[in-house]
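Hi,

Here is the structure I promised to pass on. Have a look at it first, and then read my notes below.

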Amino acid sequence: MKRNLKLIIAAGIAVAVIFEGYLVTRPQKVLGIEYCVSADECQNVVVDSSQIHYLAQVLYGEARGVKSTTEKAAVAWVVLNRVDSSDFPNSVYGVLTQKNQFNGFSESNPDDPELIAIASDVLKRWYREHNGETSVGRVIPDDYYYFCGDGSGEKNNFTRTLNSGLWDWSLESPYED
């Protein structure tokens, strides 16, 4: 699925992207690409324009029964938090396909328009955050990396580590639930 995404190249190196009208100056983090920071490093620029699709697929597998848009968005934020962390793969696809993680993710999950809209919205907010904006409408802090279902199929619980306390939903949500 292609979105309004433009890659800006200078001297053969990806230096920025414009995503749906937002200038993003750190494409190596945003697009999940390897990127030369110095002349001594090798360059391997791979642009994956399917991130919205992948996020929607994980939302389908992990949160489609969840009634709250905020909690669905939190699943996407957990994925993006991992992309930003040096402890996990540096791309959405890499995070989603890491062994024993996000078992609900499947590339054969159907395209659900509601979940694509949520994934797109969260990704735009993440891009804005990477461009230096604050208060972008994050629904979960950037150090929350885990979630699990509560057993009902209608709610997920979010944590910083596998054995830490649950998120208290104290951030203001941009969504009406």
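This is a predicted model: local features need pLDDT of at least 70, side-chain atom pairs count only at pLDDT 80 or more; totals for chains, interfaces and linings use all residues.

The protein has 177 residues, and 45% of them are buried. If you take the contacts with a separation of 6 or more, 58% are between residues 24 or more positions apart.

Now for the inside. In soluble globular proteins, nonpolar side chains tend to be buried together. Here the largest nonpolar core has 41 residues, and F102 and F158 have the most contacts inside it. Helices α2 (51–63), α3, α4 and α5 and strand β4 each give at least two residues to this core. Which element supplies the largest share? It is α3, with nine residues.

Leaving out residues up to four places away in sequence, F102 touches V58, E62, V78, V79, R82, V95, L96 and F147.

Next, look at how two of the helices pack. Helix α3 covers residues 69–84 and helix α5 covers residues 113–130; their axes are 10 Å apart, at an angle of about 45°. An angle between 35 and 65 degrees counts as oblique, so α3 and α5 are oblique to each other. Their crossing is right-handed. On the α3 side, the residues that meet α5 include A73, A76, W77 and L80, while L115, I118, V122 and W126 are among those on the α5 side. Sorted by class, this contact has 10 nonpolar, two polar and five charged residues.

N100 sits in the loop between α4 (92–96) and α5, and its phi is near 65°, a positive value in a residue other than glycine. Is N100 buried or exposed? Its relative accessibility is 62%, so N100 counts as exposed. S135 is in the loop between α5 and β4 (146–149). The phi of S135 is also positive, near 50°, and S135 is not a glycine either. At 76% relative accessibility, S135 therefore counts as exposed.

How values were computed:
Residues are numbered from 1 along each chain as its sequence is written. Side-chain values use heavy atoms; hydrogens and water are left out. Axes are lines fitted to C-alpha atoms, for helices over the stretch in contact, and angles run from 0 to 180 degrees between N-to-C directions. Helices (H or I, at least four residues) and strands (E, at least two) are DSSP runs, numbered from the N terminus. Angles under 35 degrees count as roughly parallel, over 145 as roughly antiparallel, 65 to 115 as roughly perpendicular and the rest as oblique. A crossing is left-handed if the near helix is turned anticlockwise from the far one by less than a right angle, and right-handed if clockwise. Contact means heavy atoms within 4.5 Å. Ala, Val, Leu, Ile, Met, Phe, Trp, Tyr, Cys and Pro count as nonpolar, Asp, Glu, Lys and Arg as charged, and the others, Gly among them, as polar. Buried means under 20% relative accessible area, exposed over 50%, partly exposed in between (1.4 Å probe, protein chains only). A nonpolar core is a set of buried Ala, Val, Leu, Ile, Met, Phe, Trp, Tyr and Cys residues joined through side-chain atoms within 4.5 Å.
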